[in-house]
Amino acid sequence: MNYRDATPADLPAIDALFRVSFTATFGHLYTAENLAAFFAGFTPEAWAAEFAQPDLRFRLAEDEQGLAGFAKTSALTLPATVTSRPHELRQLYLDERAKGSGAAQALLDWAVEEGRSRGADELWLSVYIDNHRAKRFYEKNGFEDRGPYIFLVGDHEDEDRLMRRAL
C-alpha cells in the first residue's frame with residue numbers, strides 16, 4: 001500500500017470510493033430516496049469546495065488497483081463539547097479489498113499526526129452506533145465514547161456516537 005496526499009485530480013476517485021463503501025456498509029439501512037438525497041450533497045462542486053478549505057486535508061491509500069481508501073481531517077465540525085484544542089477525523093473509508101490490510105491503521109495514524117501538527121490536543125470523530133467493527137477499532141486506538149450524535153441520511157436519523165481521543 002502506498003500513501004500520499006490527495007490532489008484535486010483525485011476527487012472523482014474519492015467520490016466513487018466513498019459512494020461504494022458507504023453503500024456497502026450502510027446502504028441496507030435506508031430507502032433509495034434517502035440514500036439518493038444523501039449522495040446528492042456530494043457533487044463534484046461540493047468536493048472541490050471542501051478540498052479548497054485551508055484546514056481540510058485528504059490522505060489516500062493506493063494499491064496496484066488504484067484508490068483503496070482515504071481519510072479526511074479538518075477543524076472540528078461536530079457538535080462536541082470541548083475544553084481544549086480539537087481536530088476532527090471527518091471520514092475514513094476503505095474499499096472492501098483494503099480491509100484487514102493495515103490501511104485503516106495507517107490512515108488513522110496519519111490523522112492523529114495531522115491533528116498534532118496543527119496544535120490540537122484531542123481528535124474527534126463520529127461512528128454509527130451499530131458499526132461495531134469501526135467502534136472496536138477506534139476504541140483500540142484510544143478513542144472514548146462521548147455521547148450521541150444524530151447523523152442525517154436524507155430525512156432518516158441515525159444515531160452515531162461521538163468519540164474523542166487525547167493527543
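Hi everyone, and thanks for coming. Some ground rules to begin with: in this predicted model, local features need pLDDT of at least 70 and side-chain atom pairs count only at pLDDT 80 or more, while totals for chains, interfaces and linings use all residues. Residues are numbered from 1 along each chain as its sequence is written, and side-chain values use heavy atoms, with hydrogens and water left out.

Let's start with helix 1, residues 11-26. Helices here are DSSP runs of H or I with at least four residues, strands are runs of E with at least two, and both are numbered from the N terminus. The expected span of a helix is 1.5 Å times one less than its number of residues.

Which residues of helix 1 are buried? They are Leu 11, Ile 14, Asp 15, Leu 17, Phe 18, Ser 21, Phe 22 and Phe 26. Buried means under 20% relative accessible area, exposed means over 50%, and partly exposed is in between, using a 1.4 Å probe and protein chains only. Looking down the axis, the buried residues of helix 1 fall within an arc of 165°, so they line one face. That arc is taken from the directions from the helix axis to the C-beta atoms. Pro 12, Val 20 and Ala 24, on the other side of helix 1, are exposed.

Next, helix 2, residues 32-40. Is Asn 34 buried or exposed? At 11% relative accessibility, Asn 34 counts as buried. Its side chain reaches the backbone nitrogen of Asp 155 at 2.9 Å. That is a polar contact: a pair of N or O atoms within 3.5 Å, where within protein one must be able to donate a hydrogen and the other to accept it, and residues adjacent in sequence count only if both atoms are side-chain atoms. Beyond its neighbours within four places in sequence, Asn 34 is in contact (heavy atoms within 4.5 Å) with Val 153, Gly 154, Asp 155 and His 156. Ala 40, also in helix 2, counts as exposed at 52% relative accessibility.

Gly 154 brings us to the strands. Strand 6 and strand 7 form a hairpin with two residues between them, and Gly 154 in the turn has a positive phi of about 65°. Strands pair if DSSP finds at least two bridges between them; strands 6 and 7 run antiparallel and are joined by nine. Tyr 149 stands opposite Asp 160 in strand 7. Strand 7 also pairs with strand 5, again antiparallel, over seven bridges.

Now helix 5, residues 132-140, where Ala 134, Lys 135, Phe 137 and Tyr 138 are buried. These cover an arc of only 160° around the axis, which puts them on the same side of helix 5. Their cover includes strand 4, helix 4, strand 5 and strand 7. Over on the other side, Arg 133, Arg 136 and Lys 140 are exposed.

Finally, the cores. A nonpolar core is a set of buried Ala, Val, Leu, Ile, Met, Phe, Trp, Tyr and Cys residues joined through side-chain atoms within 4.5 Å. The largest has 22 residues, and Tyr 138 is one of those touching the most other members. Helix 4 gives the largest share of this core, seven residues. Apart from it lies another core of 21 residues, including Phe 39 and Phe 58.
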